Amino acid sequence: MNWNGKTQGSQSVGLHLAWLLLVVSMGAGPAGRAELAGSAHDFSGEAWSGGDPCVVCHTPHGALQDESEAPLWNHELTGASFRLYASPTLNATLEQPAGVTRLCLSCHDGTVALDSFGGRTGNEMIGAAGRLGSDLSDDHPVGFVFDDNLAQEDGGLHPPSSTPSGLGRTIAQDLLRQGRLECTSCHDVHNSSNQPHLLVMSNRGSALCLTCHRK
Ligand code: HEC
Ligand code: HEC
Ligand code: HEC
Ligand code: HEC
């Protein structure tokens with residue numbers, strides 16, 4: 001299921017149709033994101049979700065604008081400004097979280113309630129375990145372009161355009177979003193890989209880290 005091609009035009013009609021097809025196909029079989037059930041992102045057991053596993057984040061109608069990052073987005077977005085990772089050896093140029101990372105932080109920074117979706121303002125805040133806050137200086141850098149030039153400049157990174165990710169294609173294709181390193185480079189929001197911490201792959205022996213880093 002690759003939306004990259006479909007989302008580029010941001011055709012909401014196309015997305016809407018694709019959305020319906022996906023929801024229908026998910027209902028029909030075990031493929032797709034069956035692993036969402038029972039994961040940390042399965043809110044269907046919460047009274048405030050109305051029992052729907054998708055509606056907290058997506059809606060079939062009246063979506064917010066961020067369709068290039070996630071289809072038919074339904075959750076209120078954070079307006080926080082973030083303290084970014086910094087270090088003397090960092091080569092990348094970081095920007096304020098945007099795109100899919102901003103969607104994640106719309107629950108994980110602890111400023112927007114989990115149940116603020118569908119245009120309604122809620123009051124269930126994320127617990128301490130999942131709260132990153134607005135200080136991201138102690139977290140892996142996110143929100144920057146990771147290309148072969150950066151890998152070369154850094155010296156300790158594999159070139160993303162040609163290095164296999166271990167998930168079937170290259171790092172750039174499987175782990176980056178529009179060429180950028182985001183929260184989704186390491187995490188799968190739907191738990192499709194069924195790994196601890198919603199990781200995109202096992203990090204046993206630092207396997208995830210060593211996909212991009214040489215050391
Ligand atoms: C906690 C929030 C959250 C929940 C709950 C959630 N999604 Fe998503 N969904 C996202 C985000 C964020 C993206 C963008 C992910 C990315 O770019 O990797 C996304 C992307 C998608 C996509 C685009 C293709 C893909 O796989 O990335 C589809 C289709 C989708 N979600 C369907 C669903 C369905 C159906 C449900 C309910 C069974 C659901 N989602 C539940 C946050 C959520
Ligand atoms: C609708 C709110 C919401 C959104 C949007 C959301 N999350 Fe979460 N996430 C949660 C909650 C609630 C938990 C459970 C936290 C806890 O255990 O207290 C959680 C847990 C997690 C965990 C820990 C899972 C575990 O089993 O240890 C990770 C990792 C995570 N989220 C990553 C993401 C990423 C990456 C995105 C964006 C692609 C995202 N989340 C978007 C609400 C959200
Ligand atoms: C470079 C990989 C990487 C990136 C990027 C990344 N994470 Fe994580 N994250 C991890 C790993 C690995 C863990 C497993 C626990 C640990 O080592 O702290 C984790 C754990 C978590 C947890 C669970 C914390 C806990 O103590 O249970 C949450 C929530 C989370 N990440 C959210 C996010 C969000 C939101 C983003 C984007 C702002 C993000 N992560 C970006 C690798 C990453
Ligand atoms: C998808 C690729 C990718 C993955 C997976 C990844 N990283 Fe990174 N990491 C990068 C890139 C790119 C940078 C930016 C390097 C730079 O600009 O100097 C970075 C930066 C860092 C930095 C900061 C370096 C500095 O000079 O300040 C540390 C530390 C780090 N990563 C550790 C980890 C660990 C630990 C893991 C596994 C949990 C991990 N990374 C997983 C791509 C990745």
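A residue is near a molecule or strand if one of its heavy atoms lies within 4 Å of it. With that in mind, hello everyone, and let me show you around ligand 4. By that rule 20 residues surround ligand 4, and the closest are Ser 87, His 140, Cys 209, Cys 212 and His 213.

Before going on, some housekeeping. This is a predicted model, in which local features need pLDDT of at least 70 and side-chain atom pairs count only at pLDDT 80 or more, while totals for chains, interfaces and linings use all residues. Residues are numbered from 1 along each chain as its sequence is written, chains are lettered from A and ligands numbered from 1 in the order in which they are written, and side-chain values use heavy atoms, with hydrogens and water left out.

Now the overall layout. The chain has 6 helices and 2 strands, where helices (H or I, at least four residues) and strands (E, at least two) are DSSP runs numbered from the N terminus. Reading from that end, the order is α-α-α-β-α-α-β-α. Of the 215 residues in the chain, 36% are buried; buried is under 20% relative accessible area, exposed is over 50%, and partly exposed is in between, using a 1.4 Å probe and protein chains only.

Back to ligand 4. Which protein atoms are donors to its iron atom? They are His 140 (NE2) and His 213 (NE2), lying 1.9 to 2.0 Å from the iron. Donors here are N, O and S atoms within 2.8 Å of the metal (3.2 Å for Na, K and Ca), and water is not among the atoms, so sites may look incomplete. His 140 sits in the loop between α3 and β1 (144–145) and His 213 in the segment after α6, so the pair ties together parts that are 73 residues apart in sequence. Both are partly exposed: His 140 has 48% relative accessibility, and His 213 has a relative accessible area of 29%.

The iron site of ligand 4 has 6 donor atoms with angles of 87 to 180 degrees, and it is octahedral. For that label, six donors need opposite ones over 155 degrees apart and all other angles between 65 and 115.

What else is in the shell around ligand 4? It divides into 13 nonpolar, 6 polar and 1 charged residues. Ala, Val, Leu, Ile, Met, Phe, Trp, Tyr, Cys and Pro count as nonpolar, Asp, Glu, Lys and Arg as charged, and the others, Gly among them, as polar. α6 gives the most, with 3 residues. Oxygen atoms of ligand 4 also lie 2.5 Å from a polar side-chain atom of Ser 87, 2.7 Å from a side-chain N or O atom of Thr 89 and 2.9 Å from a backbone N or O atom of Asn 91.

Next, ligand 3. How many protein donors does its iron atom have? There is only one, His 187 (NE2), at 2.0 Å. His 187 is found in the loop between β2 (180–181) and α6 (207–212). Around ligand 3 there are 15 residues, the closest being His 140, Cys 183, Cys 186, His 187 and His 197. By class, they are 8 nonpolar, 6 polar and 1 charged.

Is Asn 74 buried or exposed? Asn 74 is buried, with a relative accessible area of 6%.

Definitions and conventions. Tetrahedral: all angles 85-135°; square planar, octahedral: opposite > 155°, others 65-115°. Polar contact = N/O pair within 3.5 Å; in protein donor to acceptor, adjacent residues only side chain to side chain.
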